[in-house]
Amino acid sequence: MSRFHDLTQLPDARGHFGPYGGRFVSETLSFALEELETIYAGLKDDPEFQAEFDRDLTHYVGRPSPLYHAERWSREIGGAQIWLKREDLNHTGAHKVNNTIGQALLAKKSGKPRVIAETGAGQHGVATATVAARLGLKCEIYMGAEDVERQKLNVYRMHLLGAKVVPVESGSRTLKDAMNEALRDWVTNVDDTFYIIGTVAGPHPYPMLVRDFSAIVGREARRQSLEQIGRLPDALVACVGGGSNAMGLFYPFVEDDEVTMYGVEAGGEGVATGRHAAPLTANAPRGVLHGNRTYLMSDEGGQVADTQSISAGLDYPGVGPEHALWKDVGRVRYVAADDDEVLAAFRELTLVEGIMPALESAHALAHAKKLAGEMSPDQHIVVNLSGRGDKDIHTVAKLDGIEF
Amino acid sequence: MNRTVSNRIDRRFAALKAQGRTALIPYITAGDPAPAYTVGFMHACVEAGADVLELGVPFSDPMADGPVIQKACERALVHGTQLRHVLEMVAEFRQRDTETPVVLMGYLNPIERMGYDVFTRQAQASGVDGVLVVDMPPEEAGDNAALFAEHGLQSIFLLAPTTSEARAKEICKYGEGYLYYVSLKGVTGAATLDADAVGEQLGKLRRVTELPLCVGFGIRDGEAAAAIGRVADGVIVGSALVGRIAERADDPTSIPAALKSILGEMREALDRDAVG
């Protein structure tokens, strides 16, 4: 049996992953979280609910997503074979939709007519607005004012989908502030509102249910590896902000001890500079934010630190609690890629394979390139290409001195 | 049980009960608009008739607070007001006032980062009586509640309109000092509250607890205070005070008089009711 078997039995009944996770919320929300926990417990193993989820993933999202052998790029690097799990080909262009489909079904079952979400890069916001449009739910998306500026295209997409985008001006005006504001909305409108959290963080049961809905990525990738490679890959690589796409890919491989996993955080200007968003790599102290205990970037007084990353989707000072535990027990190695390496990987994959990755996903690609170079051509790496790069064209163009 | 007798919060509520009076509990954010003024504001509140003081510990991400207290946190953090400074303020306050209970109110991360051992030791030494951590419900308090108790710090917990009866029973079991009933669904400083609905909820809670029931969120003036005072053991006033501090942030010396004016109005309204 795998020495990591115990990791498949988490969280415990109160939502803890070892010392991490939990439900650190103000009292008004306890009721809503208990209610969500009950709804999910009733549906989790319900074949009808699962069938509905699978049907939506097949016919609406377009799953399974391909596992693509990046042969030319692998050859150029001259090391291991790199395979890309093409979550960028999903409807709405990223892995986020897997989770929003699942949570929207829960919202429907709970009978609440309104959904809210926080978003960083806008991918989760778009995915939420999309399922809300499809189910006829009222939708409001909270987004840091700085991200609204960085991700204009996604803001307009949400608007076209009938969602209201609320720019959040408080704090650092990024993802964490959007989450604060979404929580404030939820506490006010808890009776008629379902909060669709976009990552494997937040209070219990969110880290668990977002993981479960995202794990379709890893289940497919595992099966596809066996079919296309003929065995399991030697390594998995995925970017980690809150950590939903990494969790989705990694979780079904947890007990495959021979598969090494790498979570790639946002190194920003470099972890050594302090201007990054890499709490695990930097060994940030333990802290509590947004309902869970985890590695959290904060100053000596416990004030949450401002983070720095070229990618809005990874610009978050904490990380999902299950990742925190996986770091401690050594199941996953957490590393960082800095902005320069990320941009290089973005350009390289675009030129060599004709695939334009999201800047978030380019973090995983940057590390995969390093890793592949140290491995042999008969070894295999699966990288989660978690999203497509269209939304980032403005950011990259700006660096090239081009304004549209 | 000896601890209970010696705790300022319990003593204060016992005295109020004997007098048939309602507790007036102001909240201010420590360090707002600048750290040098906080202790003076605390004394001003007591002079205006406050029975218990809630002192807010500034936090970068005050998720349960509305814009008024969010901005207060921002003003305090501009001056680098950290938890250790707040404890120093309490110690300074205690040099002149050894009787008025002081409850720290805030979020868990500053305490988590300071370390629970260090925090409880220093809070006790500073003269803190109670701790209300907004994002630490009883089930997450665990060993911390015991550690707090060892250092004479009472754990004040929140109850909300959405709290189920079963859950309320659990919370009341762990609560100490008083229970903070959140009068409405929302963040601090939200719309005005409905005193009748609050009264009904408090009636239910009184069947499961002997602890004093204090009500916060949405109490803006003497009239609202009096209405809540009829059904509660204490009224908590936060955003209404912090809003006045914000208006005078450029002229902090005028703030004590402003605080006294609104608290005096509330005190009078509460006492008028108590007598009548």
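Okay, before anything else, one definition: a helix axis here is a line fitted to the C-alpha atoms, over the stretch in contact, and the angle between two axes runs from 0 to 180 degrees between N-to-C directions. And keep in mind that what we're looking at is a predicted model.

Let's start in chain B, with helix H4, residues 67–78.

Now, which residues of H4(B) are buried? On the list are Val68(B), Ile69(B), Gln70(B), Lys71(B), Ala72(B), Cys73(B), Arg75(B) and Ala76(B). What do they pack against? Their partners in chain B are strand E1 (23–29), strand E2 (53–56) and helix H13 (239–247).

Let's stay with that helix partner. The axes of H4(B) and H13(B) come within 9 Å and cross at roughly 50°. Angles from 65 to 115 degrees would count as roughly perpendicular and those under 35 as roughly parallel, so H4(B) is oblique to H13(B). As for handedness, this crossing is left-handed. From H4(B), the contact uses Val68(B), Ile69(B), Lys71(B) and Ala72(B), and from H13(B) it uses Ser239(B), Val242(B), Gly243(B), Ile245(B) and Ala246(B). Sort those by class and you get 6 nonpolar, 2 polar and 1 charged. Oh, and after H4(B) comes Gly80(B), with a positive phi near 65°.

Over to chain A for another helix pair. Here H4 is residues 96–110 and H5 is residues 123–135, and their axes come within 9 Å and cross at roughly 40°. That angle makes H4(A) oblique to H5(A). Left-handed or right-handed? H4(A) passes H5(A) in a right-handed crossing. On the H4(A) side, the contact residues include Lys96(A), Val97(A) and Thr100(A); on the H5(A) side, they include Gln123(A), His124(A) and Ala127(A). The contact as a whole divides into 6 nonpolar, 5 polar and 2 charged residues.

Last stop, still in chain A: helix H12, residues 321–329. How many of its residues are buried? It's 7 of the 9, so to speak a mostly covered helix. Those buried ones are Pro321(A), Glu322(A), His323(A), Ala324(A), Leu325(A), Trp326(A) and Lys327(A). Just past the end of H12(A) sits Gly330(A), which takes a positive phi of about 80°.

Conventions. Residues are numbered from 1 along each chain as its sequence is written. Chains are lettered from A and ligands numbered from 1 in the order in which they are written. This is a predicted model: local features need pLDDT of at least 70, side-chain atom pairs count only at pLDDT 80 or more; totals for chains, interfaces and linings use all residues. Helices (H or I, at least four residues) and strands (E, at least two) are DSSP runs, numbered from the N terminus. The expected span of a helix is 1.5 Å times one less than its number of residues. A residue is buried if 20 or more other C-beta atoms lie within 10 Å of its own, exposed if 12 or fewer, and partly exposed in between; C-beta atoms are placed from the backbone. Two residues are in contact if their C-beta atoms, placed from the backbone, lie within 7 Å. Angles under 35 degrees count as roughly parallel, over 145 as roughly antiparallel, 65 to 115 as roughly perpendicular and the rest as oblique. A crossing is left-handed if the near helix is turned anticlockwise from the far one by less than a right angle, and right-handed if clockwise. Ala, Val, Leu, Ile, Met, Phe, Trp, Tyr, Cys and Pro count as nonpolar, Asp, Glu, Lys and Arg as charged, and the others, Gly among them, as polar.
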